[in-house]
Amino acid sequence: MFTDHILIVEDSLAITMLLKNYLEKLGYVSIHTCDSGTAAIQTFKELSEQEKTPIVLLDYRLPDMDARSIFTQILKIQPNARVILETATEKEDEGIRELIRIGLYQYIEKPIRFEALKSIFETLETEKTFFQSDTSPDNKEMEQLELIKEGIENVYKHIDFLIKSNSQITLAMIEQNLGFPDSRINTYLKKLENDGRISIVGDKKEIACNQCGSVKTAQTFSCPSCRASNFKLGKLIEHYDCGNITEDSTYDDDKCPNCNKEIKALGVDYRVLQNHYICNECKEFFSEIFSDYLCLSCENRFKLENAQWKTSPNYKVISM
Ligand SMILES: [Zn+2]
Ligand SMILES: [Zn+2]
Ligand SMILES: [Zn+2]
């Protein structure tokens with residue numbers, strides 16, 4: 001039985017039940033569920049305040065917010081949060097890579113297989129044991145030693161995963177993803193290098209906090225008008241007749257929500273504006289969104305032009 005709390009964020013009830021079932025089989029008893037991003041952030045916050053920070057299973061597509069803004073808000077509450085993303089298509093690759101850069105723990109492909117989920121959670125549990133242990137094996141119980149050994153294996157597996165999901169990755173980024181620097185990470189990377197599986201392609205500069213120097217930073221996006229980070233990408237319809245521009249879903253039965261007239265011909269009496277950011281707070285919309293950086297170590301906010309830069313070895317994948 002595991003004491004960790006788990007938060008499933010998923011708008012499909014069927015998938016939620018399936019996941020809950022799987023996790024119960026694995027031995028988890030404290031499972032919470034949410035069907036929207038807003039509820040998820042609220043629940044995550046409440047649980048964290050009670051020192052029950054949950055492991056999060058997050059759906060990539062939710063109706064009210066995109067996964068990225070949910071994820072960055074979770075990181076703001078708990079910088080070392082373990083978030084596992086559920087994803088359905090390969091089209092999301094670029095977005096996922098970006099989330100891994102800022103600290104996504106893992107992703108799992110839909111349809112979700114029990115074995116895949118099991119393996120992620122096993123890694124998570126043993127990794128935790130590993131990082132909680134110190135390196136010296138003296139006066140440790142055999143059982144604990146076994147767990148530490150298993151933990152090391154899983155940390156290596158996690159490093160493999162990080163390297164495989166990025167064609168290039170820096171040492172600073174690997175350390176950031178694993179939670180903190182550890183000499184055993186370097187030893188393992190050296191081994192991969194000697195085996196010809198990765199090679200160093202020089203040093204790479206990365207954005208670091210201009211206050212504390214941490215590379216654990218996340219680019220955050222917010223509404224240019226009210227600064228809320230609760231927005232979604234959507235489609236707008238402009239009704240030429242009355243000038244109304246609102247989300248396509250507000251045109252119930254093809255009727256303009258402002259003047260109540262029916263919209264008939266695309267390009268004649270209305271047009272569609274694709275890919276606009278719609279703020280869930282102030283309801284305004286924008287083709288571009290305000291961006292700055294958040295330091296996940298000290299919560300400092302800074303603009304790109306004020307960033308510090310940190311240099312660390314950059315690894316390239318040869319064959320993993
Ligand atoms: Zn900082
Ligand atoms: Zn109208
Ligand atoms: Zn707004």
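Reader: At what angle do helix α2 and helix α3 pack?

Author: Axes are lines fitted to C-alpha atoms, for helices over the stretch in contact, and angles run from 0 to 180 degrees between N-to-C directions. Helices (H or I, at least four residues) and strands (E, at least two) are DSSP runs, numbered from the N terminus. Here α2 (residues 37-49) packs on α3 (residues 67-77) at about 15°, and their axes are 10 Å apart. The two helices are therefore roughly parallel to each other; angles under 35 degrees count as roughly parallel, over 145 as roughly antiparallel, 65 to 115 as roughly perpendicular and the rest as oblique.

Reader: Which residues make the contact?

Author: Residues are in contact if their C-beta atoms, placed from the backbone, lie within 7 Å. From α2 come G37, A40, I41, F44, K45 and S48, and from α3 come I70, Q73, I74 and I77. They divide into six nonpolar, three polar and one charged, where Ala, Val, Leu, Ile, Met, Phe, Trp, Tyr, Cys and Pro count as nonpolar, Asp, Glu, Lys and Arg as charged, and the others, Gly among them, as polar.

The model is predicted: local features need pLDDT of at least 70, side-chain atom pairs count only at pLDDT 80 or more, and totals for chains, interfaces and linings use all residues. Residues are numbered from 1 along each chain as its sequence is written, while chains are lettered from A and ligands numbered from 1 in the order in which they are written.

Reader: In what order do the strands of the open sheet lie?

Author: Strands of a sheet pair through backbone hydrogen bonds, either parallel or antiparallel. Two strands count as paired if DSSP finds at least two bridges between them. This open sheet of five strands has the order β2-β1-β3-β4-β5, with parallel pairing. β2 and β5 (106-109) are at the edges with a single partner strand each, so one side of each has no neighbour in the sheet.

Reader: How many bridges join β1 to β2?

Author: Six bridges join β1 (residues 2-9) to β2 (residues 28-34), and I6 has I31 of β2 as its bridge partner.

Reader: Where is the peptide bond cis?

Author: Most residues other than glycine have a negative phi, and most peptide bonds are trans. The bond from K110 to P111 is cis, with omega near -5°. P111 lies in the loop between β5 and α5 (114-132). D254, not a glycine, has a positive phi of about 60°.

Note on methods
Contact = placed C-beta atoms within 7 Å.
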